[in-house]
Number of protein chains: 2
Amino acid sequence: MNVKDLCLGALTIGDASGYDLKKFFETTFSHFCVAGYGSIYPALAELATEGLVRCHEQPQQGRPGRKLYQLTAAGRKAFLQKLEKTAPRHTVKSDFLLSLYFAHLLPPQRLETILDERIAEIERQLSCHARCRRQSAQGSGEPVGERFVRGFGEAVLSAAREYLRVHRRELASASTARSRHTPNSPRRTLRGGLHALHHS
Amino acid sequence: MNVKDLCLGALTIGDASGYDLKKFFETTFSHFCVAGYGSIYPALAELATEGLVRCHEQPQQGRPGRKLYQLTAAGRKAFLQKLEKTAPRHTVKSDFLLSLYFAHLLPPQRLETILDERIAEIERQLSCHARCRRQSAQGSGEPVGERFVRGFGEAVLSAAREYLRVHRRELASASTARSRHTPNSPRRTLRGGLHALHHS
DNA sequence: CGCATGGTATATCGGGCTGATATATGACGG
DNA sequence: CCGTCATATATCAGCCCGATATACCATGCG
């Protein structure tokens, strides 16, 4: 699922410009997808040459013309096929967890900041979800997938926040003991020191 | 935090070859980081030219010589600085959630498969964590960060599994109702149809 | 009234990463 | 004896992220 497919998917919901798509990704898809202009605009251009979308340009006086993209029948079909064929992977990329893994190398102050900021970010995202939930509740016919995916995000974010709240003190205590200033590494080797896990 | 920094970090734990590093990332960092050979080998080469790591090549008969990399003082310092300066982001990239968002476009059968496979994968990862936990419990002096990060992973994975188990039927029911075969889109527009969220 | 800020809107580009592929060999099981 | 797996390094096309440029309007603040 690359950005081209992402655009195709969003366009099954309604026509949009590149700008609209970015906005849409930032709101509805924000917790499991990102795409910048640098990917979206070239993607739309390619999709147009492939006949999967049509472009309706509406010149505006002053501002640059708005290019509204519309899904074609071929585009819809292409997206459905991608949906059925693609292996639905799920990956996390987190400098946050990486930093905490190396907690013993960080000053306590920095550790606190990192945790506070992450919790704040989680709460920001949770309140976004809550707002969406309210808006959709009154509006008619929210697609099932949207509700489900939002609920998933809420469940996972809540669990993360709870874990951080409960266990953060464990990290802090260790960080204080850091005054022992990391003994010079006696040429250890990572080799085999690591639990043979291998989940494919 | 790019792959170069990742390697630096891993090398604070012990010396390693590129191969060892990949193995290490796949086990200990698997749930929040990925790095393939295509990133690791060039990264190590660059780090060596920058003097942040030293390379000790040990020729082996038959097999290609093993290149053991060791962190230098400069390398250690560089990593600590990166740790303190970097904004610790946390992002999820999920074709899984994306697919479920479009549940109304998928045949029920496919939906079931996607959910089953995700749950199976979650359980695989959880049992990996459990194994690590046991191994570390008997071994001495597991770094605090490692335990914390593993616990975080377990908390989040458990929550995800629970949510999927409880709510999957909601999706299925909707998917069955899909027989109405998506009415031809009446030229809707994404524009503004979307909750102004904007969490920075 | 002037000016800064921020939203609308498109586009480009370098640097970096993913995933696939190539190469070579030993160990192990059937 | 043969296939498969683990060890081990390396390259590369294709794709993506983040920053940057451009241009204009609306809003608000002093």
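A polar side-chain atom of Tyr19(B) lies 2.7 Å from a phosphate oxygen of DNA strand D, a polar contact being a pair of N or O atoms within 3.5 Å. This is a predicted model, in which local features need pLDDT of at least 70 and side-chain atom pairs count only at pLDDT 80 or more, whereas totals for chains, interfaces and linings use all residues. Residues are numbered from 1 along each chain as its sequence is written, chains are lettered from A in the order in which they are written, and side-chain values use heavy atoms, with hydrogens and water left out.

**DNA strand D**
- Backbone polar atoms also approach phosphate oxygens of DNA strand D, that of Val3(A) at 2.8 Å and that of Val34(A) at 3.4 Å.
- DNA strand D is surrounded by 21 residues, counted when a heavy atom lies within 4 Å of the strand, and Tyr19(B) and Arg191(A) are among the closest.

**Chain symmetry**
- A rotation of 180° with 0.0 Å of shift along its axis superposes chain A on chain B with an RMSD of 0.0 Å, fitted by least squares on the C-alpha atoms of residues with pLDDT of at least 70 in both copies.
- The two copies are therefore related as by a two-fold rotation axis.
- The same surface serves both copies, since 100% of the contact residues of chain A (contact: heavy atoms within 4.5 Å) recur in chain B.

**Around Phe29(A)**
- Beyond its neighbours within four places in sequence, Phe29(A) is in contact with residues including Leu6(A), Leu98(B) and Phe102(B).

Definitions and conventions
Polar contact = N/O pair within 3.5 Å; in protein donor to acceptor, adjacent residues only side chain to side chain.
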